[in-house]
Amino acid sequence: MKIFKIKPIEKVQAIVVLVLLIALNLMLISKYPDFVNIMPEQYKEFIRQFKVSGFDPITYSTVTNWYQGYNVYRHPLLAFMMWIPNVLNAWFMNLTGLNLVQYVVGIILVFCGFYSYIFMRRILVEVIGVKEKDGMILNAMFFGFAYTMVALVVPDHFVMSQMLLLLTFYICGMNINNGKRLSILKTVILFVLTAGVTLSNGVKIYLSALFTNKWRFFRPTYLLLAVVLPAALMWIFARWEYREYVLPNEKAVKAKKAAQRRNDMEKFAKLYAQQTGETDSALIAQGGRDLYKKHIWEVHNRNMKDPWNAHTGTPIAKEGFMKWTDVSTDRFETVVHNLFGETIQLHQDYLLDDTLKKRPVVVEYRYVLNYVVEALIVGLFVIGIWMGRKYRFLWMVLSCFAFDMVLHLGLGFGINEVYIMGPHWLFVIPIAIAYIFKHANTKWLLPLRVIATLLAVFLLAWNGYLFASY
């Protein structure tokens, strides 16, 4: 737990960041003042009323009235992590008569955002070795990114994942620098915490362990106890969760739909008899089925025009995990306007709207300046990769970034709103740029600092203003 102790050199930065994080969270809380009146039996009201981009306020619902609201295969332990906050919130509710879930969840968000800053500062200064003031500039740039900023306040899992990944990179980075290995116990703890919040991020723990331990990663004892066993147990647990919490609800929904279908068939059969005057029961039943099929097809055509379907691309398959893939959404437009666009700079048009409701998948910026800023950041990112190409730590972080890109750009998982996944990988940009600072000649260091500072100030001002206005 000593890793969470604030070092003397960090104290001033820590105070400033803490004040800003509290202010940002209070800003979002003030947007929904009526949430204090939502009682446990009304927990689904959060999902109906909360609107910030594509984020889901399931955490508000779970902390208000505990249930397995998350997808168990994507977030296997997240609901259980919310049990203690749920108990705390229930105590506050009994004491005050108000639902203080926003403040309870806000404490979690502030904690994770705060340590995201602290661990990023340590990665930049202690692992990579840039000067303290350069680390502050790059950290300011990182927190100026649109979906780093937004993730700090929305009641979703992203800032938790971000903090746990940065914690992992800091631990592994220090081990690499000191020639140490990542122990079995630390690997298991990091995997359980990180994969428990977001299962796919568990892969990044193993990638980090691979780059840290190198060939020792494949030692039978380590491979079995640190990799195979925890992964198998996590999957078994997720399967148990599905059977225990999800399957009964799915069966109930399926039974309800079947009953509704039977009722609809009877209604259409009666309608057919009224329209035609037919008296033969077999012909009436067949005519009712035909009318029902026609009705279902009309409803389907209407639904396909709805953004929920219209903005969802063609999947590889319609069953299992492949139903979340997308092979039809334009990758180039996505990269320019969403991946390195909306993720880093908010769009003025359709500001923080949901793609599955009314925001188009691709939104263009009004000003050329935004594209210039994007090009500068991507250019620095690429140069940073080249400057740091000989460092094992950078390749470790890039392997995790590559994993995300395979998921989102390759398979198309969440590609229609890829920007909300930004907290899982945005840290790779300032980490890569840090290697330019590390190796820049004295004459280039001042211009580099000026450019990076201007970018950080612009991002904080642009995204801060738009976020505050929203």
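Here is a short tour of this predicted model, stop by stop. Residues are numbered from 1 along each chain as its sequence is written. In this prediction, local features need pLDDT of at least 70 and side-chain atom pairs count only at pLDDT 80 or more, while totals for chains, interfaces and linings use all residues; side-chain values use heavy atoms, leaving out hydrogens and water.

Start with helix α9, residues 158-178 (helices are DSSP runs of H or I, at least four residues, numbered from the N terminus). Its end C-alpha atoms sit 30 Å apart, in agreement with the 30 Å that its 21 residues should span at 1.5 Å a residue (the expected span is 1.5 Å times one less than the number of residues). Of those 21 residues, 18 are buried, so α9 is largely enclosed by the rest of the structure (buried means under 20% relative accessible area, exposed over 50%, partly exposed in between, with a 1.4 Å probe and protein chains only). Just past α9, click Gly-179, which has a positive phi of about 70°.

Next, salt bridges: there are 10 in the structure (a side-chain nitrogen of Lys or Arg within 4 Å of a carboxyl oxygen of Asp or Glu). Select Glu-126 and Lys-7, whose side chains meet at 2.7 Å, N to O. Glu-126 is in helix α6 (residues 101-128) and Lys-7 in the segment before α1 (11-31), so this pair ties together parts 119 residues apart in sequence.

Now jump to Asp-404 and Lys-204, a salt bridge at 2.5 Å, N to O. Asp-404 belongs to helix α17 (residues 392-411) and Lys-204 to helix α11 (residues 202-213), 200 residues apart. Both Asp-404 and Lys-204 are buried.

Technical notes: Helix = DSSP H or I, 4+ residues; strand = E, 2+ residues; numbered from the N terminus.
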